[in-house]
Amino acid sequence: MMIVMKSKPANSPAVSRKEATHERIVEVVSRAIRRSGYDGTGVVALVARIAAEAPEGQALQALMDAYLSPQHIAAIENGCPVCALGSDMPRQAPEVRRAATLRIK
């Protein structure tokens, strides 16, 4: 099945920030799904695979090595959202900051 997403006509009104963010998210996720499939998209699957492939007793070290690798650091769009978005948190609404703080803790 193929789904074709249509873009807005050139003469349409300016897009809101919320709409622009939504479009950006949809584009990034759709690329990730096309590249890796549904099962290959997501942080949990990657973490589980790294831990499972590590020698016994070395799962934590393997996760840290992968997290701090030059490849991971260079590919911010595939990395940890906490690291990528942490500097943006002070500009968010109080309820967003509270929710993020609870999830991080």
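L60 sits in helix α3 of this chain, and the model that shows it is predicted. The helix covers residues 59-67 and also holds M64.

How far is L60 from I50, computed between C-alpha atoms? The separation of the two C-alpha atoms is 9.3 Å, and the two residues are 10 positions apart along the chain.

Is L60 buried or exposed? L60 counts as exposed because its relative accessible area is 60%, and the cut-off for that class is over 50%. M64 has a relative accessible area of 40% and is therefore partly exposed, since that class lies between 20% and 50%. The two residues compare as follows.

| Residue | Relative accessible area | Class |
|---|---|---|
| L60 | 60% | exposed |
| M64 | 40% | partly exposed |

The chain as a whole has 105 residues, and 9% of them are buried. Its accessible surface comes to about 9300 Å². Carbon and sulfur atoms account for 62% of that surface.

How many helices and strands does the chain contain? There are six helices and zero strands. Along the sequence the order is α-α-α-α-α-α, and helix α3, with L60 in it, is part of this pattern.

Methods
Residues are numbered from 1 along each chain as its sequence is written. This is a predicted model: local features need pLDDT of at least 70, side-chain atom pairs count only at pLDDT 80 or more; totals for chains, interfaces and linings use all residues. Side-chain values use heavy atoms; hydrogens and water are left out. Helices (H or I, at least four residues) and strands (E, at least two) are DSSP runs, numbered from the N terminus. Buried means under 20% relative accessible area, exposed over 50%, partly exposed in between (1.4 Å probe, protein chains only). Accessible areas come from the Shrake-Rupley method with a 1.4 Å probe; for residues, only the protein chains shown count as cover.
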